[in-house]
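Subject: Structure handover

Hello,

Please find the structure below, followed by notes on what was found in it.

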Amino acid sequence: MLDGAMKMSFHTLHSPPVLLGLVTKNRAYFGARRIRSPNHHHLPSLTVQVSSVLVQTDESGNLPEPIKVLSSGVVNQRPRCTQTSDQLLSQPNTIGIIGGVSAFSTLIFLEKLVWWGIRAGGCPPFVVCSDSSLRMKLPILNSFHSFNAHMVQIPSSKFGPVVESLRQKRVFLEQSGARCIVMPCHVLHVWQGEISEGCSLPFLHAGECVAKELLEAKLKPLEVGNGVRIGVLASNESLVAGIYQEKLQNEGFEVVLPDRATMEHVVIPAVEAVKRGDKKGARNLMKIAVQILLMRAVNTVVIACDEMQGLLPHNDPLLHKCTDPMDALARSTIRWANSDANMQI
């Protein structure tokens, strides 16, 4: 059993909401829900103890210092300090997590982190900074009807304020005691280079984690004369799929993306179905998209789309032909935390 608590903190009305999380080494847990494996098998007797943290912002809008509200109602504010001994967390294997554009997807990653941590002997301590208002700041995420399968690359300068905000969150996590940074969001990986500028800590990349695991799997080509092919399924071909394509090609894989017709008539309608609550319709379209890629002799399909997480039931044979980058990121994070150099003394 794991022994710990999750701390949740919120900004005032004048700034974006922030979620801080912590699971200690000894015990786990999320709310009253039961923790499930990535394949949806329940683990018995795992629950979360949740305490609250009040976060206030100053007039400049800078990220706040957390103020923990104890169960007795007493407010305990940590003084601002830069020394390691006075940080929010001081363990050498502390993980800093920059939440993505979807708070739900961020929580799914935390569940994966706890699950893989349990399998490795214990979940490492972590702190999370999540800003769900990012979706509104990135209009490209809300414009599927105007989607073009060959979208023009969007320069980082257009989203300069968003990138700077994410960079500040990374610094906040560093100052909170994080020793490794992860960002469980497909879209935000587009700007990981800019976000990581000036960061002296390891900053794990989901695409690199997937490529490394697939390389270690020693896959064999399914067709004579071809290399190992990996399919990538993403709702945003040129931005998100391109990131995974680059990392996979760097490891020698051939990358297969859906053609324009598949994107326009299958992938994007699947995402739209999710958004309007038609899970069954979205699942059927996702199956079609995966099958189309499998027909092109790919060994596995990387699902680089938040909306498609959890669409396939755990007993669906197609699920075994898919790879979730967030599982790879969680496993890599646990391996980093459990490495000899980073184990808590």
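Two strands are said to pair if DSSP finds at least two bridges between them. Helices (H or I, at least four residues) and strands (E, at least two) are DSSP runs, numbered from the N terminus.

This is a predicted model, in which local features need pLDDT of at least 70, side-chain atom pairs count only at pLDDT 80 or more, and totals for chains, interfaces and linings use all residues. Residues are numbered from 1 along each chain as its sequence is written, and side-chain values use heavy atoms, with hydrogens and water left out.

Confidence

pLDDT is the predictor's confidence in each residue, from 0 to 100. The chain has a mean pLDDT of 76, and 67% of its residues reach 70 or more. Over residues 1–36 the pLDDT stays under 50; the model has 141 contacts beyond four places in sequence for them, where contact means heavy atoms within 4.5 Å. Residues 142–153 also have pLDDT below 50, and that stretch has 23 contacts in the model beyond near neighbours in sequence. Where pLDDT is low, the predicted coordinates should not be read in detail.

Sheets

Strands β8 (residues 229–233) and β9 pair in the parallel sense, over 3 bridges. Opposite I230 stands V255 in β9. These strands belong to an open sheet of 4 strands, in the order β9-β8-β10-β11, with parallel pairing. At its edges stand β9 (254–256) and β11 (322–323), each with a single partner strand, so one side of each has no neighbour in the sheet.

Another open sheet has 3 strands in the order β6-β5-β7, and the pairing is again parallel. Its edges are β6 (126–129) and β7 (180–182); each has a single partner strand, so one side of each is left without a neighbour in the sheet. From one strand to the next, the twist averages 20°. Strand β5 (residues 95–98) runs parallel to β6 and is joined to β6 by 4 bridges. G96 has V127 in β6 as its bridge partner.

Helix packing

Two packed helices are described by the angle between their axes and the distance between the axes. Axes are lines fitted to C-alpha atoms, for helices over the stretch in contact, and angles run from 0 to 180 degrees between N-to-C directions. Angles under 35 degrees count as roughly parallel, over 145 as roughly antiparallel, 65 to 115 as roughly perpendicular and the rest as oblique.

Helix α5 (residues 206–216) packs with helix α6 (residues 237–250) at an angle of about 40°, their axes being 8 Å apart. The two helices are therefore oblique to each other. Their crossing is right-handed, the term for a near helix turned clockwise from the far one by less than a right angle (anticlockwise is left-handed). On the α5 side the contact is made by A206, G207, E208, V210, A211 and L214, and on the α6 side by Y244, K247 and L248.

α5 also packs with helix α9 (residues 325–338), at an angle of about 85° and with the axes 8 Å apart. α5 and α9 are therefore roughly perpendicular to each other. The contact includes A206, C209, V210 and E213 of α5, with M326, L329 and R331 among the residues of α9.

Helix α1 (residues 103–119) and α9 pack at about 50°, with axes 9 Å apart, which makes α1 oblique to α9. The crossing of α1 and α9 is right-handed. F109, K112, L113, W116 and G117 of α1 take part in the contact, as do M326, L329 and R331, among others, of α9.

Regards
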